[in-house]
Structure formats: structure tokens, C-alpha cells
Amino acid sequence: MPVGSSRVKMMGILNVTPDSFYDGGRYANLKEAVERAEIMKKEGVDIIDIGGVSTRPGSLSPSEEEEMRRVIPVVEAIAGIGIPLSIDTFRSKVAEECFKRGVRVLNDVTALRGDRNMVSLVRDYQVEVILMHMKGTPRDMQRNPEYKDVVKEVKEFFRERIDFALQQGIKEEKIWIDPGIGFGKTLTHNLSLLRNISSF
């Protein structure tokens, strides 16, 4: 949800990976990815989020070159689809190549912590950014995650990350937040976040 916004938008997820937890391998082929994007458009999505790195529990990241090989052809193929595109990456080089090709949203699971060059890139290209909460990394995030108060701690995380982004020159209206359901949380944590989603 955008900071300060009440309108719900629908994001279509297009994973071009062989190992994502739900649709890994389904759209790794360029033709299949483009066809899926067209279906999403007909279904009325507001934005299409393209991801070339699986973040399922226990996953390992491919090389930067492999991530680029997966996402750039897809971005180029659907850039003119008529729907805003988002790139799900924590690598600034991948993000910049996508921004150059018309992508206007960064979906960063590290909330601008994974690559020190990312924040200036977001600012300079004036794109929107989704800051996601994740405890740990995809490889270890589900190894007994603990919180005293998950809602309070996630909110505090967002206050710090939003303040950081603002201090670096990113405009408030460009910032979205994602509580990271399933990213370093147990089922109980997830349900608590969902029950209290309006507090965000």
C-alpha cells in the first residue's frame, strides 16, 4: 500500500525463475512470460511485478548476470503493454537496467539495505519503491523467527526505513510498504499482521 493511500491496487506477480515457491518454472520461458502478462492485463491488474530471483524459504540467489538474463528480455518484451512494471530485485545494476527500459517501481525485499547504491538510484530515476520487511535472508528467514510483538516491531522497522528514504531524497508519495507475510514469520506472526493490517 502506498504511504498515506487508501485505494487498493492489484499487483500481478510474474516470476521468471525456475524455483519460486508457487510458480517456479511456469513462466521462465520468454513466450510464456509474455502470454502470462497479457492474461494479467485482461484480468485487470494495476501493476506487473517481474522477479528473477526466488525468495522462497531456503533459496539461494543466482548470479547478477543470471538474474539479468532472466528479467531483461521480459521487461523489454512487455514494456509497452500499457501497465506499469515493477522489478523485484535487491541489486542496483539489475534495477538500473530495468529503469532504463521503462520500469517505474522497485520492489526491494531488503528495503534498501541490500545494495548501498540502490537508494540514490531510486531517487535519481524518481521511481516508486516498495520497502519490504524481512527478518534474516531467504536462506535462513524461517529458522525459528521470534518477535516480542511482531506488529510493533514491523512498524518500527518501517518508521526507520521510511525516515532513511526521506532523508536520502526519496519523496514520501513514492514509498510503498510490504509487511512481508511469510518472510521471517511463523503462521501466528502472519495472522497477527493480517489482523492488524490497518495499523500500517
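From the N terminus on, the elements of the protein chain run β-α-β-α-β-α-β-α-β-α-β-α. This amounts to six helices and six strands, where helices (H or I, at least four residues) and strands (E, at least two) are DSSP runs numbered from the N terminus. The model is predicted: local features need pLDDT of at least 70 and side-chain atom pairs count only at pLDDT 80 or more, while totals for chains, interfaces and linings use all residues. Residues are numbered from 1 along each chain as its sequence is written, and side-chain values use heavy atoms, with hydrogens and water left out.

**Whole chain**

Display the entire chain before selecting any element. Of its 200 residues, 46% are buried; buried means under 20% relative accessible area, exposed over 50%, and partly exposed in between (1.4 Å probe, protein chains only). Among contacts between residues at least 6 apart in sequence, 65% join residues at least 24 apart, a contact being heavy atoms within 4.5 Å.

**The sheet**

Select the six strands next. They form an open sheet in the order E1-E2-E3-E4-E5-E6, with parallel pairing; two strands pair if DSSP finds at least two bridges between them. In general, strands of a sheet pair through backbone hydrogen bonds, either parallel or antiparallel. The edges are strand E1 (11–15) and strand E6 (175–178), each of which pairs on one side only. From one strand to the next, the twist averages 25°.

Keep E2 selected and colour it by accessibility. Because five of its five residues are buried, E2 is largely enclosed by the rest of the structure. Ile47, Asp49 and Gly51 point one way from E2, whereas Ile48 and Ile50 point the other way, and all are buried.

Continue to strand E4 (residues 105–108) and strand E5 (residues 128–132). Four bridges pair E4 and E5 in the parallel sense, and Leu106 stands opposite Val129 in E5.

**Helices H1 and H2**

Select helix H2 (residues 64–78) together with H1. The axes of H1 and H2 come within 10 Å and cross at roughly 45°; axes are lines fitted to C-alpha atoms, for helices over the stretch in contact, and angles run from 0 to 180 degrees between N-to-C directions. H1 and H2 are therefore oblique to each other, given that angles under 35 degrees count as roughly parallel, over 145 as roughly antiparallel, 65 to 115 as roughly perpendicular and the rest as oblique. H1 passes H2 in a right-handed crossing; a crossing is right-handed if the near helix is turned clockwise from the far one by less than a right angle, and left-handed if anticlockwise.

**Helices H3 and H4**

Move to helix H3 (residues 92–100) and H4. Their axes come within 10 Å and cross at roughly 10°, so H3 and H4 are roughly parallel to each other. The crossing of H3 and H4 is right-handed. Ser92, Ala95, Glu96, Phe99 and Lys100 in H3 meet Met118, Leu121 and Tyr125 in H4. By class, the contact of H3 with H4 has five nonpolar, one polar and two charged residues.

**Two loop residues**

Most residues other than glycine have a negative phi. Select Leu112, in the loop between E4 and helix H4 (118–125): its phi is near 70°, a positive value in a residue other than glycine. Leu112 is buried, with a relative accessible area of 5%. Then select Gln126, in the loop between H4 and E5, which has a positive phi of about 55° although it is not a glycine.

Asn190 lies in helix H6 (residues 187–195) and is buried, with a relative accessible area of 12%. Not counting residues up to four places away in sequence, Asn190 touches Ile181, Gly182 and Lys185.

Definitions and conventions. Ala, Val, Leu, Ile, Met, Phe, Trp, Tyr, Cys and Pro count as nonpolar, Asp, Glu, Lys and Arg as charged, and the others, Gly among them, as polar.
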